[in-house]
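Hello,

Here is the structure I promised to pass on to you. Have a look at it first, and then read on for my notes.

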Amino acid sequence: IIADVLRTCGATNVFAGLPVLAPRVSREQLLVANPRVIIAGGAPADRDRVVREWRSFNQLEAVRTGRIEVIDPRFLHQQGPRIIESVRVVCGAVAAVTS
């Protein structure tokens with residue numbers, strides 16, 4: 001679903017080419033991919049904690065530029081009407097990078 005959402009927003013999942021649906025990505029793979037935006041799953045109450053955890057990856061462009069979007073995983077990973085809100089948030093994050 002996330003790859004479809006990103007594609008809708010004009011972006012690419014940097015790990016879409018991996019052979020499994022939900023890959024376990026190593027730190028090295030993440031550093032090589034160096035995403036411009038990070039879309040992280042987390043409950044609204046956990047947003048600050050999730051962003052703090054990503055700050056340990058300060059080599060990444062997305063972290064250095066503060067482009068970390070935290071989306072409630074119930075909205076992003078469940079097919080249904082709530083995914084529309086996730087698409088809006090993801091597209092906003094992508095637009096901020098590309099404009």
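Let me begin with Arg 36, which counts as partly exposed at 42% relative accessibility; that label covers everything between buried, under 20% relative accessible area, and exposed, over 50% (1.4 Å probe, protein chains only). Before going further, please note that this is a predicted model, in which local features need pLDDT of at least 70 and side-chain atom pairs count only at pLDDT 80 or more, while totals for chains, interfaces and linings use all residues. Residues are numbered from 1 along each chain as its sequence is written, and side-chain values use heavy atoms, with hydrogens and water left out.

**Salt bridges**

Arg 36 forms a salt bridge with Glu 61, with 3.9 Å between the closest N and O atoms. The term stands for a side-chain nitrogen of Lys or Arg within 4 Å of a carboxyl oxygen of Asp or Glu. This pair links distant parts of the chain, since Arg 36 is in the loop between α2 and β1 and Glu 61 is in helix α4, 25 residues apart. (Helices, H or I with at least four residues, and strands, E with at least two, are DSSP runs numbered from the N terminus.) Glu 61 is partly exposed, at 23% relative accessibility. Arg 67 belongs here as well: Arg 36, Glu 61 and Arg 67 are linked in a network of salt bridges.

How many salt bridges does a search of the whole structure find? The search finds six. Among them is the one between the side chains of Asp 4 and Arg 7, at 2.4 Å from N to O. These two are three residues apart in helix α1, so about one helical turn separates them. Asp 4 is partly exposed at 44% relative accessibility, and Arg 7 is exposed with a relative accessible area of 53%.

Glu 85 counts as partly exposed at 33% relative accessibility, whereas Arg 88 is exposed at 53%.

**The disulfide**

A search of the whole structure finds one disulfide, meaning a pair of cysteine sulfur atoms within 2.5 Å. The disulfide joins Cys 9 to Cys 91, with an S to S distance of 2.0 Å. Cys 9 lies in the loop between α1 (2–8) and α2 (27–33), and Cys 91 in helix α6 (residues 83–98), so the bond ties together parts that are 82 residues apart in sequence. The torsion about the S-S bond is about -85°, which means that the disulfide is left-handed. Cys 9 is buried, at 14% relative accessibility, while Cys 91 is partly exposed, with a relative accessible area of 24%.

Thr 12 is also placed in the loop between α1 and α2. Thr 12 is exposed, with a relative accessible area of 65%.

**Cores and strands**

In soluble globular proteins, nonpolar side chains tend to be buried together. A nonpolar core here is a set of buried Ala, Val, Leu, Ile, Met, Phe, Trp, Tyr and Cys residues joined through side-chain atoms within 4.5 Å. The largest one has twelve residues, including Phe 15, Leu 30, Ile 38, Ala 40, Phe 57 and Val 70. At least two residues of this core come from each of β1 (38–41), α3 (47–54), α4 (61–64) and β2 (68–71). A second, separate core has nine residues, among them Leu 6, Ile 83, Val 89 and Val 90.

Gly 41 stands opposite Ile 71 in β2.

**An aromatic pair**

Finally, Trp 54 and Phe 57 form a tilted aromatic pair, 5.3 Å centre to centre with 45° between the planes. Rings of Phe, Tyr and Trp (its six-membered ring) pair if their centres lie within 6.5 Å; planes under 30 degrees apart count as stacked, over 60 as edge-to-face and the rest as tilted. Phe 57 is buried, at 16% relative accessibility.

Best wishes

Technical notes
Pairing = 2+ DSSP bridges.
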